[in-house]
Amino acid sequence: MKDQPEPVQQPDRTARAWADLVATARRTVTDGLVVGTSGNVSVRVGDLVLVTPSGVPYDRLGPADLTAVDLEGHQVTGDLRPTSELPMHLAVYRTTPATAVVHTHAPYATAVSTLVPELPPVHYMAADLGGPVRVAPYALYGSDELAAHLLDALRDRTGCLLRNHGTVTYGDSLDQALDRTAQLEWMCRVWLTAAAVPGHTPQLLSAAQLDEAGARLRGYGQRTDRRG
C-alpha cells in the first residue's frame, strides 16, 4: 500500500487575521483617519478578539506582536497591553453581529461631533450605516460609560460619532468596517463644506428618501453567484 500524502496544511486563521488587522490599522494612518497611535482596530476570530495594542505605532507591529483577548476581556495571547478602548470593542461584539470594528479620530467627523447630536442626512450613503448617524454623548475614553453611550448611538446602526472624540464603525469584515469609516468621514466633510457657505442651508434627505436608498443599496454590487 502506498503511503498516503500528508494533508495540506491550512494557513493559520488567527495569524492571517492579525496580518489583515495590522494592514487595516496602517491604512487608517495613510488615509488620514488617525494621527500617531490614536484610534484602534479589532477583528473577531471565533471566541477571540484580536486588537491593536496600546500606544504602539502600527508600522512597528509584526507577526510576533499578536494581541488577543476573550470576549470577557481577559488577555490570552501576546505580551503587549491591549488598546485602552477595549471595553468599547467588546461591547460591540457582545451586542451586534460584528466581525470587525474600526475606531478613528477622523478630523471632519470629530469636528461634526462637537456641533450636532446627529449628522444631518446630506447624502444617501447614510442609509448604508442604517440611517442618520447619531453622536454618542462624551465620556472618558476607555470607560464603561463611553461603551454604554456607544451602544445607544449604534442602535440599529453600523456606525456612529463619539462627541469630541471620533468615529466607530463595524462590519462583517475589516474592509467593510474601514469603508464605512471612510464614508462617514466623507459625509461629515460634505456637510461641513455645505454648511459653511454663507446665506445657504444644506438640503437634507427625508426619512423616506433614506429608506428608498437603503433598499437599493442592499442589492448594490456584484452578485456572488455570477458565472462566467
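Which residues lie nearest the centre of the second largest pocket? I looked this up before anything else. Thr37, Ser38, Gly39, Asn40 and Ser84 do, out of a lining of 17 residues. I note that the model is predicted.

**Entry: second largest pocket**

I read off a volume of about 200 Å³ for the second largest pocket. I then sorted its lining by class and got 12 polar residues, four nonpolar and one charged.

**Entry: largest pocket**

I turned to the largest pocket, whose volume is about 340 Å³. Its lining has 15 residues, and I find Ala127, Asp128, Gly214, Leu217 and Arg218 nearest the centre. By class I have six nonpolar, five charged and four polar residues in this lining.

Which helix gives the largest share of the lining of the largest pocket? I find that α6 does, with six residues. Helix α6 spans 207–217, and α5 spans 174–195; each of the two supplies at least two residues of this lining.

**Entry: Ala207**

I picked out Ala207, which is in helix α6. Is Ala207 buried or exposed? I have its relative accessibility as 57%, and the cut-off for exposed is over 50%, so Ala207 counts as exposed. I also checked Ala207 against Ala23: the two are 184 residues apart along the chain, and their C-alpha atoms are separated by 36 Å.

**Entry: secondary structure**

I went on to the chain as a whole and found six helices and eight strands. Read along the sequence, I get the order α-β-β-β-β-α-β-α-β-α-β-β-α-α.

**Entry: overall dimensions**

Along the principal axes, I have the C-alpha atoms filling a box of roughly 85 × 50 × 30 Å.

**Entry: burial, surface and contacts**

How much of the protein chain counts as buried? I have 45% of the 228 residues. For the accessible surface I noted about 12700 Å², with 52% of this area belonging to carbon and sulfur atoms.

Definitions and conventions
Residues are numbered from 1 along each chain as its sequence is written. This is a predicted model: local features need pLDDT of at least 70, side-chain atom pairs count only at pLDDT 80 or more; totals for chains, interfaces and linings use all residues. Side-chain values use heavy atoms; hydrogens and water are left out. On a 1 Å grid over the protein atoms alone, a cavity is a set of points where a 1.4 Å probe fits but cannot get out, and a pocket is an open set with protein on both sides within 12 Å along at least five of seven lines; lining residues have an atom within 4 Å of a point. Grid points are joined across faces, edges and corners, and a volume is the space filled by probe spheres set on the points. Helices (H or I, at least four residues) and strands (E, at least two) are DSSP runs, numbered from the N terminus. Ala, Val, Leu, Ile, Met, Phe, Trp, Tyr, Cys and Pro count as nonpolar, Asp, Glu, Lys and Arg as charged, and the others, Gly among them, as polar. Buried means under 20% relative accessible area, exposed over 50%, partly exposed in between (1.4 Å probe, protein chains only). Accessible areas come from the Shrake-Rupley method with a 1.4 Å probe; for residues, only the protein chains shown count as cover.
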